[in-house]
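Hi,

Here is the structure I said I would pass on. Have a look first, and my notes follow below.

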Amino acid sequence: MDWLATVVNGALLGGLYGLFGLGLALVFGVMRVVNLAHGEFIVLGAFLGVFLVGLLPQLPPWVLVLPVALAGYALGWGLQAGVVNRAVRSGNPLTPLMLTFGLSVMLRNAMVQFFGADSRAIDGGVLTTAGIDLLGLRIGLYPLLVLALAALLFGALHWLLRHSEFGRVVRAVADAPEMARLMGVTPARVFNRVMGLAIAFAMLAGFLLAQRTLFTPFSGVERMLIAFEVVIIGGLGSFWGALAGGMVLGIAQLVGQKLDSNAGPLYAHLVFVLVLLFMPKGLAGERR
Amino acid sequence: MKRLSWVAVAALAGTALFAPRFADGGLLRLAAEILLAVGMAQMWNLLAGYTGLMSLGHQLFVALGAYALFETTQRLGIAPWWGLPVAGLAGAAAAALLAPVLFRLRDAYFAIGLWVFAEIGYLLVSKSSGLGGSGGRALDVSALEDVESFQAIGFWIAAAIGIGMPLAVGALMRSRLGLALLTVRDNELAARSIGVDVWRVRFVAFVISGFGCALAGAAYYMGGMFVSPDSAFDINWVVMMMFATLIGGIGTIAGPVFGVLVWYALRELLTTVFGLQGGWYLIGMGAVAVAASLYAPRGVWGLVARSRGPKDVGAARPAKSDALEG
């Protein structure tokens, strides 16, 4: 029973990991850029959460999800409009990589300078300690809500991309930017919004994770590797695959932690290697 | 190569030969560090600049080489430099084993895939007490007769690597394989159409790159006589290699050499002249990388090489044509 609870909790943690991967996959899918600063934004979301919780102690922490996500959208939009569009235009795939890598080094060390290198966590209040008993399993209420929120966000984004005007434009730009341009679409503006969404997801997920796990300014690297593994395990370009990939990693990490405390991330990485060896197209396979 | 370049190389080698006589320990150590950085950046560039495989996991090879040398030295009770070939071979073997898996991933996914393997190596070494665990381990110097001359020998090895690797890459570019590498760099599709086995070319470049980085990493930690997982698996190794290559000029031989000099000059400038502390210095370096990617994506050497025309085999990669891909 103990093991089953671990697996269930891992799957719930996976909801957050899925959100990490979602932003990375979205940006890559639309503009063929891998944002190497993705992990730093995840950690930045956590630090923004610490700041806001300190500023507004009377509010329950979960309310702050909204301002963190909005700040993420604004930051992502500004980042894309300010510098990344320029790098995308260069046409050389190495340019955005170097740009975002330089940004990640800057952000990581700026966070060390401003917030210190100590481990922190956000106290999520009563919600994080409450739990429900389900068929004899003790499941935290908080991870359950997080998974529900993750599923909701996945669904919302899926709907947005499939059925809205904005989604049609995004897909058009992803498939044929030149053709979209002829139809009166400015790809750079679409990119701004897509990056805004991706960073909003990253910072929101980072904020939520910080209520469960300790973080430091250096956690960004590990978070980014997880986001990347989620995308590969799920299958490049697959939407719901990312959620499944997140769950696989979440389960691997918690089971690993149980087998061998402080080695959780190692097991998550090893699962990734196994997938790469035996299912190189990921859980969802390649759609094209 | 032009006669002038050979004179420069000979002068450099001559200086290196006598440097331990007149330079003090600190200066010698800095010079060795720069020379080894040149070797590593050159190896990173061989992969990224010529085969389009950008790596963010080359710290894996640096650490692997270091640990292979430390382990060999201790197990066999020999002088540390005899462990260097083992270190290089360990790097080559790791690259050969990882290539079939990693080559399934393209572009940034290859880069981060290798990074994951470096992270796995870091976690495994940190956990294994036999290799010193997370605290690190000291070099076994019991087989050495005197430690004084060890420093000089360490410097000469660094000089051989720092001067030899750019020359070796230059010679490689003149070989059949080098021509294949250059065609892959310039136009992968055209390379395939004239019968270049792109996978094999990439594989060979990856193995050489792993070999060279492991060798340079082993020499670096041999000089320091201490290695820890936090230092050897540090992503900042890759930051340096990438920065040097991109600032200097990717896909050129002189570029990484020039870039390493810029890197160390900037480091000295930011830390001593402007007095920036560790974190601020890295922020400054990140800012330089961002600015360089926006304003000089082909590097400083790339600009020079372009004005000299395409005769230089290391000439910068031309703007990628989308005509064949669309």
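A quick definition before the notes: I call a residue buried if 20 or more other C-beta atoms lie within 10 Å of its own. Please also keep in mind that this is a predicted model.

Let's start with chain A. By that cut-off, buried residues make up 53% of its 288 residues. Chain A has 12 helices and two strands, and from the N terminus the order is α-α-α-α-α-β-β-α-α-α-α-α-α-α. Its radius of gyration is 19 Å, close to the 19 Å that the globule rule gives for 288 residues, so chain A is as compact as a globular protein of that length. The C-alpha trace of chain A spans about 60 × 45 × 35 Å along its principal axes. Of the contacts in chain A with a separation of 6 or more, 76% are between residues 24 or more positions apart.

Now chain B. Here there are 14 helices and two strands. The radius of gyration of chain B is 20 Å, close to the 20 Å from the globule rule for 326 residues, so this chain is as compact as a globular protein of that length. Its C-alpha trace spans about 60 × 40 × 40 Å along the principal axes, and 47% of the 326 residues in chain B are buried.

Finally, where the chains meet: 36 residues of chain A and 33 residues of chain B take part in the contact. On the chain B side, the elements giving two or more residues are α5 (107-127), α11 (236-248) and α13 (278-295). That side of chain B divides into 25 nonpolar, three polar and five charged residues.

Cheers

Notes
Residues numbered from 1 in each chain as written. Chains lettered and ligands numbered in written order. Predicted model: local features only at pLDDT ≥ 70, side-chain atom pairs only at ≥ 80, totals over all residues. Contact = placed C-beta atoms within 7 Å. Helix = DSSP H or I, 4+ residues; strand = E, 2+ residues; numbered from the N terminus. Nonpolar A, V, L, I, M, F, W, Y, C, P; charged D, E, K, R; others polar. Rg over C-alpha atoms; globule rule 2.2 N^0.38 Å. Buried ≥ 20, exposed ≤ 12 C-beta atoms within 10 Å, placed from the backbone.
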